[in-house]
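Let's walk through this structure together, one feature after another. Keep the sequence and the 3D view at hand as you read.

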Amino acid sequence: MDNIPSNDFIYPFTLNIRNGKSIKRSLRKNHFEQYKWLTYSNLKSGLFCKYCVLFIVKGGKYNTITLKKFVTEPLTKFSNLTGKDGDLEVHNNNKYHINAIQIADDFLKNLINPKQDVINLINNDRLCQVLENRKRLIPIIQSILFLGRQNIPFRGHREEGNILDDSVSSVNMGNFRELLKYRILGGDST
């Protein structure tokens, strides 16, 4: 996810009064290059932290402070962007911001590789069961799609009995169950 605005982006500026003079303070491309979390909202005409917007609700020592700058409200004044006490550096060093980046990294790792999800690592049997259940669903869903495409009703004359019981092979157990039974007889082991 690239945070640097496109080449045709017109970088905004604010005018600040210092010592009686009007000074133009602009947002620049190097701000986006240095702070990868920084993004500009055209809708709100200001700067946001893409991680904190998505993963943080409260801040402060006891997570009770509603966060505003870069999180729920855009930064629209560019007079104090840089420096050790600048808005960008202060936000970059906040504990809630560092936690939001970690949460985002963990989210992306689990999204890309769900096998590495903590619950699946702890309980390998659960992972095996999940994968086996997914395999079992495939022929069932394929059978349902087949019945739907052919406009065949699911129910038939009877809807009872064990699908694997050979003693009732002459009795029609319903279209869906008969189709599953046919798949099993055809060699579908899942």
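This is a predicted model: local features need pLDDT of at least 70, side-chain atom pairs count only at pLDDT 80 or more; totals for chains, interfaces and linings use all residues.

C128 is partly exposed, with a relative accessible area of 45%. Residues are numbered from 1 along each chain as its sequence is written, and side-chain values use heavy atoms, with hydrogens and water left out.

Staying with cysteines, how many disulfides does a search of the whole structure find? The search finds 0, a disulfide being a pair of cysteine sulfur atoms within 2.5 Å. C52 is in no disulfide, and its nearest cysteine sulfur, that of C49, is 3.5 Å away. That distance is beyond the cut-off of 2.5 Å, so C52 and C49 are not counted as a disulfide. C52 is also buried, at a relative accessible area of 0%.

C49 leads us on to F70. The C-alpha atoms of F70 and C49 are separated by 5.2 Å, while the two residues are 21 residues apart along the chain. F70 lies in the loop between β6 and α3 and is buried, with 1% relative accessible area. Its backbone deserves a look as well: F70 has a positive phi of about 75 degrees although it is not a glycine. N151 is another non-glycine residue with a positive phi, here about 55 degrees. N151 is placed in the loop between α6 and α7 (175-185), and at 69% relative accessibility N151 counts as exposed.

Now step back to the overall layout. The protein chain has 7 helices and 6 strands, where helices (H or I, at least four residues) and strands (E, at least two) are DSSP runs numbered from the N terminus. Along the sequence, the order is β-β-α-β-β-α-β-β-α-α-α-α-α. Of the 190 residues in the protein chain, 26% count as buried.

Next come the charged side chains. The structure holds 2 salt bridges, each defined as a side-chain nitrogen of Lys or Arg within 4 Å of a carboxyl oxygen of Asp or Glu. In one of them, K69 meets D87 at 3.0 Å, N to O. This pair links distant parts of the chain, 18 residues apart: K69 sits in the loop between β6 (65-66) and α3 (87-93), and D87 in helix α3. K69 counts as partly exposed at 42% relative accessibility, whereas D87 is buried at 14%.

R136 forms a salt bridge with E132, and the closest N and O atoms are 2.5 Å apart. How far apart are R136 and E132 in helix α6? They are 4 residues apart, so about one helical turn separates them. R136 is partly exposed, with a relative accessible area of 42%, and E132 counts as partly exposed at 34%.

Helix α6 (residues 124-149) also holds I144, which is partly exposed at 34% relative accessible area. I144 belongs to a nonpolar surface patch of about 490 Å², made by L137, I140, I141, I144, L145 and F154. Patches are built from residues with over 30% relative accessible area and no salt bridge, joining like charges within 9 Å and nonpolar side chains (Val, Leu, Ile, Met, Phe, Trp, Tyr) within 5 Å. The accessible areas come from the Shrake-Rupley method with a 1.4 Å probe, and for residues only the protein chains shown count as cover.

Finally, turn to the aromatic rings. There are 6 aromatic pairs, counted when ring centres of Phe, Tyr and Trp (its six-membered ring) lie within 6.5 Å, with planes under 30 degrees apart called stacked, over 60 edge-to-face and the rest tilted. F9 and Y11 make an edge-to-face pair, 4.9 Å centre to centre with 90 degrees between the planes. F9 counts as buried at 16% relative accessibility, while Y11 is partly exposed at 23%. F9, Y11, F32 and Y40 together form one aromatic cluster. Another ring, that of F13, has the charged end of K24 over it, 4.4 Å from the ring centre; the rule asks for NZ of Lys or CZ of Arg within 6 Å of the ring centre and within 35 degrees of the ring normal.

Note on methods
Buried means under 20% relative accessible area, exposed over 50%, partly exposed in between (1.4 Å probe, protein chains only).
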